[in-house]
Protein chains: 2
Amino acid sequence: MSTNAIPADELLKLENQLCFPLYACSKEVVRRYTPFLDELGLTYTQYLVMMALWEYGNTSVGELGRRLFLDSGTLTPMLKKMEAKGLLRRVRSTEDERRVEISLTADGEALKEKAARVPIAMGQCLTVSPEDAAELTRLLRKILDAIQVD
Amino acid sequence: MSTNAIPADELLKLENQLCFPLYACSKEVVRRYTPFLDELGLTYTQYLVMMALWEYGNTSVGELGRRLFLDSGTLTPMLKKMEAKGLLRRVRSTEDERRVEISLTADGEALKEKAARVPIAMGQCLTVSPEDAAELTRLLRKILDAIQVD
DNA sequence: AATATTTATATTGTATACAATTTAATTGTT
DNA sequence: AACAATTAAATTGTATACAATATAAATATT
């Protein structure tokens, strides 16, 4: 572990850091979803929950959290709201009473058709070439995979 | 605007979307900063504010917001906390009384030396090659630039 | 000059996020 | 079986984020 030759000035410049554009880009892109998701009555995180349920089917709070990188402190209140809106059911598992099973209602399942508009609209809004998008996704997944290890 | 041939099923898969890995990766990377930033008594967003001030010098709330992609609803309460901690000053401009000038205190300026450890520690924590980091940053900046236009 | 428009912050309200703790159920050990 | 350790959600507390609105100051218009 040798002394790093780069001075504090350079190290701390926003443009020299990976994390800042990552943070800013994520926020700005998510923000662009809002008008399209408003039409579905969903927030971005709720939309993620719905996509996970549409794709993988019914699960538990914990499994949902592992898939979406969210913990129960975020999910529990959000799932309660979504249950109140009639999109899903929260049922304590009889098999393992620690678990709460999340399942889609008919309304929740039906919302999928309307939701297909969202990625299409965003695709037109973002103007990222398919190549750039693929490369970006690849690099982000690589970091996510690496970061999970420790 | 022709009918898109890709079915809803495919469009709505988490793995087929750029935004989800972007969102998840940003969150997970920011979370890794926490232990290092705790030593400085900063949150990640506060760290961004400090980096902007160290790099660009004193500014106004609005300019800070444009640089960091944050609005006054986020910045005002946060800057008040940072002022209370003695890191910066908030002074209503006499020249234009709508503006609030943000300037570093001696303590805030001094924190820069300790903060240089943070990007070094994160660099070791992330294990991203310089090439991947450069490519990723380039693509993220490209999206951020494109998204600002509309 | 008086009024309208724009601009810069601040405030309000809603929705995440997550660390830390709590509670209750299940599993592992002796 | 009894107790310890682990696991799954829920809760608590703190800190963003941002849309919408409010407020006040500066600028533009008539």
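Mentor: Let us begin with a crossing: α2(A) passes α7(A) in a right-handed crossing, where a crossing is left-handed if the near helix is turned anticlockwise from the far one by less than a right angle, and right-handed if clockwise. Helices (H or I, at least four residues) and strands (E, at least two) are DSSP runs, numbered from the N terminus. This is a predicted model, in which local features need pLDDT of at least 70 and side-chain atom pairs count only at pLDDT 80 or more, while totals for chains, interfaces and linings use all residues. Residues are numbered from 1 along each chain as its sequence is written, chains are lettered from A and ligands numbered from 1 in the order in which they are written, and side-chain values use heavy atoms, with hydrogens and water left out.

Trainee: Are α2(A) and α7(A) parallel or oblique to each other?

Mentor: The axes of helix α2 (residues 19-38) and helix α7 (residues 117-126) of chain A come within 10 Å and cross at roughly 130 degrees. Axes are lines fitted to C-alpha atoms, for helices over the stretch in contact, and angles run from 0 to 180 degrees between N-to-C directions. Angles under 35 degrees count as roughly parallel, over 145 as roughly antiparallel, 65 to 115 as roughly perpendicular and the rest as oblique. The relation of α2(A) to α7(A) is therefore oblique.

Trainee: How many nonpolar residues does the contact of α2(A) with α7(A) have?

Mentor: On the α2(A) side are A:Val29, A:Arg32, A:Tyr33, A:Phe36 and A:Leu37, which meet A:Val118, A:Ala121, A:Met122, A:Cys125 and A:Leu126 of α7(A); contact means heavy atoms within 4.5 Å. Ala, Val, Leu, Ile, Met, Phe, Trp, Tyr, Cys and Pro count as nonpolar, Asp, Glu, Lys and Arg as charged, and the others, Gly among them, as polar. By class, this contact has 1 charged residue, no polar ones and 9 nonpolar.

Trainee: Is α3(B) oblique or perpendicular to α4(B)?

Mentor: The axes of α3(B) and α4(B) are 11 Å apart, and the helices pack at an angle of about 110 degrees. That angle makes α3(B), relative to α4(B), roughly perpendicular.

Trainee: Which residue has a side-chain N or O atom 2.7 Å from a phosphate oxygen of DNA strand D in chain B?

Mentor: Polar contacts are pairs of N or O atoms within 3.5 Å; within protein, one must be able to donate a hydrogen and the other to accept it, and residues adjacent in sequence count only if both atoms are side-chain atoms. In chain B, the residue with a side-chain N or O atom at 2.7 Å is B:Thr43.
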